[in-house]
Amino acid sequence: MSAFLEALADHAFLQHALAAGVLASIACGIVGSYVVVKRIGYLAGGVAHTVLGGMGIAYFLGKSPIGGALIAALLAALIIGWVSLRLRQHEDTIIGALWAVGMATGILFISRTPGYNVDLMSYLFGNILMVPRADLLLMAGLDGVIVALVWLFRKQFLAVCFDEEFARLRGVPVDLFYLGLLLIVALTVVILIQVVGLVLVIALLTLPAAIASQYARSLTAMMLTATLLGIIFTSAGLALSYEPDLPAGATIILLAGLAYLLSALGRGLWLRWRRTTTLTEAKR
């Protein structure tokens with residue numbers, strides 16, 4: 001840990017990595033809470049893996065892979081959202097197909113790119129240590145858009161997540177806000193690509209929020225707790241991976257996964273103890 005702190009003061013790439021972790025945590029804390037509450041993790045996974053197609057095409061054309069990821073994520077969110085709303089009985093099959101086609105398209109375009117650039121593989125598995133300043137600014141901008149949208153339409157998103165029928169009765173355009181929620185998920189996926197890559201993006205999107213849901217009593221508290229947990233996981237994962245030279249993205253996810261398992265186990269034991277205590281007192 002001391003070696004990491006010393007290096008952090010001297011190396012800009014570590015400072016950028018830490019900042020990327022914080023920026024990613026803001027997005028995954030806010031949007032991940034919606035994903036967990038609405039139970040749309042599979043839809044988010046479909047968006048995330050379809051993104052590779054856009055990145056591969058962008059690389060082939062000599063454009064920014066993040067730009068390609070952003071376009072592909074937004075298009076995938078709209079397609080998956082429409083499928084979810086109109087063809088619910090075939091939802092799993094179509095999302096799975098988009099998932100596979102997106103990955104396959106990305107791989108094909110990557111293989112055909114002149115002078116194949118291995119750096120694209122970092123978007124699959126994450127390379128938080130290589131986040132440039134320009135991408136930090138993009139991540140901050142996307143965070144700003146997400147926070148603004150969630151703040152402006154917090155009541156509508158809340159209604160869509162918890163009671164769609166009541167929202168429809170109150171005149172809320174549920175389908176429109178559902179698509180809007182998926183578009184926000186798409187923006188978050190693009191942010192998280194930089195930190196943990198496409199393969200692990202759903203874990204960071206859901207694990208902090210899943211832990212927070214076990215303790216928070218409101219959606220706002222859940223978002224704040226999930227954001228704080230995300231910052232802790234990304235920062236601690238960076239520190240733990242630095243000296244032994246482990247993959248930072250994978251270390252972050254393993255840390256978050258372990259924390260989730262311990263939290264679920266601890267909460268389960270606590271609830272069982274409380275039930276036992278309550279029953280014992282009732283018998284007296």
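**Entry 1: T227**

I looked up T227 and, setting aside neighbours within four places in sequence, found it in contact (heavy atoms within 4.5 Å) with S25, I26, G29 and I30. T227 sits in helix 11. I take helices as DSSP runs of H or I with at least four residues, numbered from the N terminus. T227 has a relative accessible area of 14%, so I log it as buried. Buried means under 20% relative accessible area, exposed over 50%, and partly exposed in between, with a 1.4 Å probe and protein chains only.

**Entry 2: ground rules**

I am reading a predicted model, where local features need pLDDT of at least 70, side-chain atom pairs count only at pLDDT 80 or more, and totals for chains, interfaces and linings use all residues. Residues are numbered from 1 along each chain as its sequence is written, and side-chain values use heavy atoms, with hydrogens and water left out.

**Entry 3: helix 10 against helix 11**

I checked how helix 10 (residues 174-213) packs with helix 11 (residues 219-242): the angle is about 130 degrees and the axes are 8 Å apart. That angle makes helix 10 oblique to helix 11. Under 35 degrees counts as roughly parallel, over 145 as roughly antiparallel, 65 to 115 as roughly perpendicular, and the rest as oblique. The axes are lines fitted to C-alpha atoms over the stretch in contact, and angles run from 0 to 180 degrees between N-to-C directions.

I then listed the contact residues. Helix 10 gives V195, L204, P208, A209, I211, A212 and S213. Helix 11 gives M222, T225, A226, L229, G230, F233 and T234.

**Entry 4: aromatic pairs**

I counted 6 aromatic pairs. Rings of Phe, Tyr and Trp (its six-membered ring) pair if their centres lie within 6.5 Å; planes under 30 degrees apart are stacked, over 60 edge-to-face, the rest tilted.

F60 is partly exposed at 36%, and F109 is partly exposed at 28%.

F157 and F177 are also edge-to-face, because their centres are 5.8 Å apart and their planes stand at 90 degrees. F157 is in helix 8 (residues 154-162) and F177 in helix 10, 20 residues apart. F157 is buried at 3%, and F177 is buried at 12%.

Which residues form one aromatic cluster? I found Y34, F153, F157 and F177.

Conventions
Helix = DSSP H or I, 4+ residues; strand = E, 2+ residues; numbered from the N terminus.
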